[in-house]
Amino acid sequence: MDRDAALDRVEAVLDAVAEERLPVPVRECWVYGDVALGKDPVTRLDVYVTKDLLLGGDPAPDLDAELGVEGIGRTVDAEWAREHPEWVRVNDSGHVAPEKCLAAHLLPDDDEPVHLEVCNAGFERNVTQRAEGARARENYEQVIDPRGVCLYAEGQRSDDALEKLRESALAFPTLEESLTMLGFEEEEAETAAEAMRAYEERQEGATVRGDVV
């Protein structure tokens, strides 16, 4: 993905997070990996959002019946679903899936090489948690690249951070070095980095992954 196009997509995501009604509230938005490192082109654009639980929502059985799903008003905003029924997405059991709904709203082009990571926990906490779990199971594909840039938090947007991304003005260590800072031994960090890169190369188009910590 051309770097300018990737950053235009990042800016569009920020616009949506800051200004639009979303299926669930978003507390943080980060980018990480290639786009944070200043690479051009970007192999994949990695975006991380921290979602809050939907509080005070009322069930909307009329919408559930109309769309053939379950959970509107309880796990995603009912007014959002009324405005954007084409973006309502479900899991295998037929319940609305907040992370998939967010991806449909924020990533309208299914062919773009963009990954959306959605979690109830902040980026830094989840990076640590996932690294610890991956080390315990020796399953390194699920590790999140810790080299991230916060662009939105608690209602405040950082246009300064976005400008630094456009200027490729941020410096980060290598992936292996970053993993050692999370507690990986040097050889293990190399193994994990190789697995993470191989996993990324296998992904195609827009992807989304939901996680709960």
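**Entry 1. Terms and model.** I note first that a residue counts as buried under 20% relative accessible area, as exposed over 50%, and as partly exposed in between. I also record that this is a predicted model. With these cut-offs I looked up Asp 211: its relative accessible area is 22%, so I class Asp 211 as partly exposed.

**Entry 2. Helix α6.** I turned next to helix α6, which covers residues 123–137 and has 15 residues. From its first C-alpha to its last, α6 reaches 21 Å, close to the 21 Å expected at 1.5 Å a residue. After the helix comes Glu 138, and I noted that its phi is positive, near 55°.

**Entry 3. The buried residues of α6.** Which residues of α6 are buried? I found Phe 123, Asn 126, Val 127, Arg 130, Ala 131, Gly 133 and Ala 134. I then asked what the buried residues of α6 pack against. They pack against the strands β1 (26–32), β2 (45–51), β3 (114–119), β4 (148–153) and β6 (207–211).

**Entry 4. Arg 130 and its partners.** Arg 130 forms a salt bridge with Glu 117, and the closest N and O atoms are 3.0 Å apart. This pair links distant parts of the chain, for Arg 130 is in helix α6 and Glu 117 in strand β3, 13 residues apart. I checked the burial of both partners and found that Arg 130 and Glu 117 are both buried.

The side chain of Arg 130 also meets that of Asp 211 in a salt bridge, at 2.9 Å from N to O. Asp 211 lies in strand β6 and Arg 130 in helix α6, so this pair ties together parts that are 81 residues apart in sequence.

**Entry 5. Another salt bridge.** How many salt bridges does the structure hold? I recorded 22. One that I looked up joins Asp 159 and Arg 157, with 3.0 Å between the closest N and O atoms. Are these two residues buried or partly exposed? Asp 159 counts as partly exposed, at 46% relative accessibility. Arg 157 also counts as partly exposed, at 26% relative accessibility.

Definitions and conventions:
Residues numbered from 1 in each chain as written. Predicted model: local features only at pLDDT ≥ 70, side-chain atom pairs only at ≥ 80, totals over all residues. Heavy atoms only, no water. Helix = DSSP H or I, 4+ residues; strand = E, 2+ residues; numbered from the N terminus. Expected span 1.5 Å × (residues − 1). Buried < 20%, exposed > 50% of the residue type's maximum accessible area, 1.4 Å probe, protein only. Contact = heavy atoms within 4.5 Å. Salt bridge = Lys/Arg side-chain N within 4 Å of Asp/Glu carboxyl O.
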